[in-house]
Amino acid sequence: MIDSKLKTPENANTSKLSFDDFREIILKDYEAAVQSRYVSLLGRKEVLTGKAKFGIFGDGKEVAQIALAKVFKNGDWRSGYYRDQTLAFASGICTVYNFFSQLYANPDIEAEVSSGGRQMVAHFSTTLTDENGAWKDQTIQKNSFSDISTTGGQMSRTLGLGLASKLYRNNKDLSYLKYFSNAGNEVVFCNVGNASTSEGVFWETVNAAGVKQIPAVISIWDDGYGISVPNDIQTTKADISEVLKGFQRDNENQGIEIFKVKGWDYPGLCETYEMAARIAREQHIPCLVHVTELTQPQGHSSSGSHERYKSKDRLAWEQIYDCNTKLRQWILEAGIATDSELLDIESSIKDFVRVEQKRAWTDYRKLIQNDLDEAIEYLSQFDNEIVELPLNILKSTTEPSLKEIFSTVRQVLRDLRFEESAEKDTLFSWYQEKQIINEDRYNSKLHVENSFSPLEVELVEPSYAMDSATVDGREVLNACFEANFKNDERLIAFGEDVGKIGDVNQGFAGLQEKFGDLRIFDTGIRESAIIGKGIGLAVRGLRPIAEIQYLDYLIYALPVLSDDLASLSYRTKGQQKAPVIIRTRGHRLEGIWHSGSPMTVLLGALRGLHICVPRNMTQAAGMYNTLLRGDDPAVVVECLNGYRLKEKMPDNIGDFTVPIGIAEVIREGKDITVVSYGSTLRLVQEAALELDKIGVSIEIVDVQCLQPFDRTQVCLGSLSKTNRLLVVDEDIPGGASAFILQQILEHQNGYYHLDSKPRTLSAKPHRPPYGSDGDYFTKPSVDDIVESVYEIMQDVNPQQFPKYLN
C-alpha cells in the first residue's frame, strides 16, 4: 500500500546546500559538469576536422544527469539514449578515453568498451557476460543496457528491467539467483528526450508501467525542441507532464508519481531524484521526472546548426539558463568557491580531457598503423611496376583507414592475377589472416558464439510407448510448457489472453492456476511493450516466453524486435544477450488481417534472431525445449490450424529436442524435391498422393527454420538426387520462397545439380480475401502444387506428361 501521508510535490522546491557538508561534493559535481561539456565541445571539433564521421553529444543536460548519478546504485539499471554522456561519466559506465575511442570507431573492445566500434558515439553499455559467455554478477556494478538510436526505443525494455525487480522481490523461488538481484531493490532509470514522448512506444510503456507498478524512474530531458520542431508542435499544451497528469497516482488509485523540475536547478534536481529513487526503490512505484528548461548549446548534432531554427531571443535565453553557467553562478553566490578556484578547476579539467582525447586518437591510429606498416612491408617485397603506384599511395597517406589499406591490397592481388610469385603468395596469406581479424572486428557476434548457443544443445529424440496417447496438438504444447515450468523457476510467460484463459489456443490452459500469476499472466494489447518486457526480463537472468497473439501483430512490435533485440549481441560484440522466446502463430488463411505469413518481413528485419517455423506442435515443443537450453533469442511461429490436429504425446515431453536450423526429409521421392515449411507442408503432402497417381514421385523437405537455414544442407542432398526443385510457401512472390531458393542454389551450390528450371510457388501479391474461396484463389492450394510439379515434369518428358492446361 502507498503511504497516504506521503505528499510528494509536483514541483520540487529548491534548497540550499550546506558549505561545510557539501563543498567537496559540489566541486566534484562541477568538475563533472565542466568535463562533460568540454568533451562535447572538443568532440564536435574532431568531427568538423574530419577525424570522426558524426557526433551527437549531451551538452546542456549535465547538471540533471549529475543529480541522477547520485542515486544510481550498484545493481540498478540504465535504459537511456545518446544524450546521457554525463550520467555515463559520473556513474563510471564510460570514461573520457572510452568516449573518444567510440567517436573514432576504434574496433578494439578494450578501448571502445560499449560496442567495439560498432555504434556511433554516445551509445553506452556495460559488459554483462564473461569471456565464456556466462552471466556476470549484476549486483556489484551499475548496469547499462546497450543504447539504440531509434527515438523512444529505450522505453519498452524498461518494463522488463523493472518487472524483474518486482519478481525477484515477490517470488521467493528466485532467491537463489543472487547474481541478478538483491531482493528486488533495483531501480531502472529510463531517460528519454522530450520529442520522443510523441512516439507510441513511450505511451505503451508509461501505461504499462502504471498498470504493473514498475520500479522505474523515467526522466524526460526537455530542451524545448525535437531537432528543429518546438514543443508546441510536438506535444499537446507544449508540456508533456501536463498531458500526463491523468497518470498521477492518488489516495484511491495506483499510478505514476510525477515530478517537474528545472534542469539548471542543482539543489532542486538533487532533492527530486533522491525522492523519486526512494519511492521507486522502496515502494515499487513508477516515477516520472520532467526536467524542463534545458538547453542544447551545440544544437542537435554535428550535422547542422541550431541557429537556423532558434530565434535570437531563444539563443540569448539559452546562454543565461545554460545549466553549467547557472551551477557556476550558484556556487559563487553561495560562497562555496571563489572564481579563481573555479577557473583552476576548468583549466585542469580541459587539460585532462585533451590528454584523454589525444590518447584515444593515438591508440586508434596505432591499430591502423600496424596494419599499414605490414601492408607496406609485404608490398615492398615486389619488384613489379604494377605494385609501384599503389605502394607509393599507401606510403604517402597521412591518415589512412583500414578501408584504404585493404582495398589497395585487394586491388594489387587483382592486378597480379596472371602473375605467380612467392611474394604474391605471401601477400595473399597475410591478407587471409587479416580477414579473420577483420571478420571479428566487424562481422562477428550476430548470435551467441559459445557453449550457450542453442545450436550446441544435444539432440534428444522424442520417445513413444506402444500406448502413447493420441491427443490434440495443443495438448502436446501444454504438456511441454508444464514440464519446463516445473523444472525451471526462471520461466515466465505472458501476453494477451495468456494468463486466465491459457491463450486463445489453449497452449497454457490451466497453467496459471498451477504456477501462479507471477509466472504466467495477461498483458494489455501493446505489442511493443510485450516484447520490451521480454527483453528486459531476459537480460536480468529470467527466461521469458513473450506471446504475440498472431503473426500479423508482430509488425506492431517490429521496431523493438529489429532495432533492439535482433541487434543486441552484435552491437555489444557479444557482451550482452537477451534469451527471450517470442511465441506466435500464423499461416492460417483467414483474410486480409489474419493471413499470417509475412515471413519476408521477419527475414529482412530480424537477423540476429532464430526464426523457427515448425510443421506441427510436436516439432514446436522440441524447439521450445532446445531454445530454453540456449541463450539466443528466437521467434517460434506455430501453425494456427494445427492445434486440434491429432499427434502422439511423447513420453519425454519436456526433454526431447529438435535441433535449430536442421531441415528434415519427411517424404522420400525420386523425381523432384519440394521444399516448404509450416502449414503448407500438409498441402504438399496431400499433393504428393495426387502426384503418385500420375506417376510423379516427390521428395518433401521441411526446412523447419528460416534462420539459421538448413545448416547440414539437407536440401542440397535431396536436390542432388532428384535434380529438380520447387519451393512452396504462403508468403508473397519473391519473399521467403526466393530466400530459400537463393540459399539452396547459391549458398549450397545447388545450381550445379539442376536439370530443370527451379520454381517457386507462393501466394498472390495481395493479402487474401476472407473465406475459404478467398484462401483457395489467393494462396497455394493442393491443385496449384500438383500443377506446378506437373509443369516441371512436362518440360522433362512432354510425352509422359502432356500439356492439358493453356
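Me: Which strand is joined to S7, and by how many bridges?
Reply: Strand S8, residues 287-292, is joined to S7 by six bridges, and the two run parallel; two strands count as paired if DSSP finds at least two bridges between them. Strands here are DSSP runs of E with at least two residues, helices are runs of H or I with at least four residues, and both are numbered from the N terminus.

Me: What sort of model is this, and how are residues numbered?
Reply: This is a predicted model, in which local features need pLDDT of at least 70 and side-chain atom pairs count only at pLDDT 80 or more, while totals for chains, interfaces and linings use all residues. Residues are numbered from 1 along each chain as its sequence is written, and side-chain values use heavy atoms, with hydrogens and water left out.

Me: Back to the strands: which residue in S8 stands opposite Phe259?
Reply: Phe259 stands opposite Val289 in S8, and Ile258 has Leu288 of S8 as its bridge partner.

Me: Is S7 mostly covered or exposed?
Reply: S7 is mostly covered, since five of its six residues are buried, where buried means under 20% relative accessible area, exposed means over 50%, and partly exposed lies in between (1.4 Å probe, protein chains only).

Me: What is the strand order in the open sheet?
Reply: The open sheet has six strands in the order S2-S1-S3-S4-S8-S7, with parallel pairing. Strand S2 (143-144) and strand S7 (257-262) stand at the edges with a single partner strand each, so one side of each is left without a neighbour in the sheet.

Me: And S4, how many of its residues are buried?
Reply: Six of the six residues of strand S4 (residues 216-221) are buried, so S4 is largely enclosed by the rest of the structure. Ala216, Ile218 and Ile220 point one way from the strand, Val217, Ser219 and Trp221 point the other way, and all are buried.

Me: How many bridges pair S3 with S4?
Reply: Strand S3 (residues 188-193) pairs with S4 in the parallel sense over six bridges, and Asn191 has Ser219 in S4 as its bridge partner.

Me: Changing topic, which residues cover the faces of S13?
Reply: Ile581, Arg583 and Arg585 lie on one side of S13, with Ile582, Thr584 and Gly586 on the other, and all are buried. Six of the six residues of this strand (residues 581-586) are buried, so S13 is largely enclosed by the rest of the structure.

Me: Which strand does S13 pair with over three bridges?
Reply: Strand S12 (residues 543-547) pairs with S13 in the parallel sense over three bridges, with Ala546 standing opposite Ile582. Strand S15 (residues 634-639) is also joined to S13, by six bridges, and runs parallel to it; there, Val636 is the bridge partner of Arg583.

Me: Where is Ile700 found, and is it buried or exposed?
Reply: Ile700 is found in strand S19 (residues 698-702), and it is buried, with a relative accessible area of 0%. Leaving aside neighbours within four places in sequence, Ile700 is in contact (heavy atoms within 4.5 Å) with residues including Val665, Ile666, Arg667 and Leu681. Ile700 and Arg667 are 33 residues apart in sequence, yet 5.0 Å apart in space, C-alpha to C-alpha.

Me: And Asp363, which helix does it lie in?
Reply: Asp363 lies in helix H12 (residues 339-380) and is partly exposed, with a relative accessible area of 25%. Leaving aside neighbours within four places in sequence, Asp363 is in contact with Tyr97 and Asn106, while Ser101, 262 residues away in sequence, is 8.4 Å from Asp363 in space, C-alpha to C-alpha.

Me: Zooming out, how many helices and strands are in the protein chain?
Reply: There are 27 helices and 22 strands in the protein chain, and buried residues make up 59% of its 806 residues. Of the chain's contacts with a separation of 6 or more, 78% are between residues 24 or more positions apart.

Me: What does the C-alpha trace span along its principal axes?
Reply: The C-alpha trace spans about 100 × 85 × 50 Å along those axes.
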